[in-house]
Amino acid sequence: MRRFTDPAHQAVADLTAFYARLDRAHAGFSCPARAACCQLSRTGREPYLWAIEWLLLSRRIGERGGRIPEARRDGGCRFLDSAGRRCTVYDVRPFGCRTFGCELAIGQTRALRETVRGFTRELTALAEAFDPADEGPRPLSRFFGEAGRPGKARP
Ligand code: SF4
């Protein structure tokens with residue numbers, strides 16, 4: 001695999017390759033694509049992610065002009081489209097949004113549980129290599145809060 005001298009660039013390349021393998025492992029899975037799991041206030045749950053995963057998302061925000069998506073009035077994920085039906089960052093969505101943990105998922109979710117544990121360990125290793133001081137996965141809303149704070153670097 002190609003190596004980069006810039007650590008952030010390398011982290012993005014490593015995480016992208018990891019997500020591709022994770023997606024291949026979930027190739028037999030699907031969901032009704034109603035964005036039910038993205039209605040974060042309604043479900044009371046939100047994705048938890050490592051800083052390395054936010055790095056990838058923040059780069060996408062940067063590519064789109066650097067404007068942090070506004071909080072939605074309906075409490076859905078800020079990355080949803082205006083209709084609240086489609087993820088606008090689907091190809092760079094975090095680990096938790098890729099593993100079909102929702103009860104609407106179609107596929108052998110029980111059989112995959114052990115595989116997901118292995119991927120979780122791999123992601124932890126990637127995240128800690130990127131930032132040894134990373135305190136661990138945090139809710140997406142916290143990253144949005146920090147990114148929107150005055151004085152904080154924008155994507
Ligand atoms: S990042 Fe995308 S898939 Fe994940 S909760 Fe937000 S809109 Fe849904």
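This is a predicted model: local features need pLDDT of at least 70, side-chain atom pairs count only at pLDDT 80 or more; totals for chains, interfaces and linings use all residues.
Residue numbers start from 1 along each chain as its sequence is written.

On the chain as a whole: of its 155 residues, 20% count as buried. By buried I mean 20 or more other C-beta atoms within 10 Å of the residue's own, exposed is 12 or fewer, and partly exposed is in between, with C-beta atoms placed from the backbone. Take contacts between residues at least 6 apart in sequence, and 76% of them join residues at least 24 apart. A contact here means C-beta atoms, again placed from the backbone, within 7 Å.

Now, helix α3. It covers residues 51-63, and its 13 residues reach 18 Å from first C-alpha to last, close to the 18 Å expected at 1.5 Å a residue; the expected span is 1.5 Å times one less than the number of residues. Buried in α3 are I52, E53, W54, L55, L56, L57 and I61. After α3 comes G65, with a positive phi near 105 degrees.

What angle do α1 and α3 make where they pack? About 100 degrees, with the axes 10 Å apart, and α1 is residues 7-25. Axes are lines fitted to C-alpha atoms, for helices over the stretch in contact, and angles run from 0 to 180 degrees between N-to-C directions. So α1 and α3 are roughly perpendicular, the word for 65 to 115 degrees; under 35 is roughly parallel, over 145 roughly antiparallel, and the rest oblique. From α1 the contact uses A8, A11, V12 and L15, and from α3 I52, E53, L55, L56 and R59. By class, those are seven nonpolar, no polar and two charged. Nonpolar is Ala, Val, Leu, Ile, Met, Phe, Trp, Tyr, Cys and Pro, charged is Asp, Glu, Lys and Arg, and the others, Gly among them, are polar.

Last stop, D134, in the loop between α4 (109-130) and β2 (138-139). Is D134 buried or partly exposed? Partly exposed, with 15 other C-beta atoms within 10 Å. Leaving aside neighbours within four places in sequence, D134 contacts W50, A51, A127 and E128. And back to I52: its C-alpha is 9.1 Å from that of D134, 82 residues apart along the chain.

Conventions:
Helices (H or I, at least four residues) and strands (E, at least two) are DSSP runs, numbered from the N terminus. Two residues are in contact if their C-beta atoms, placed from the backbone, lie within 7 Å.
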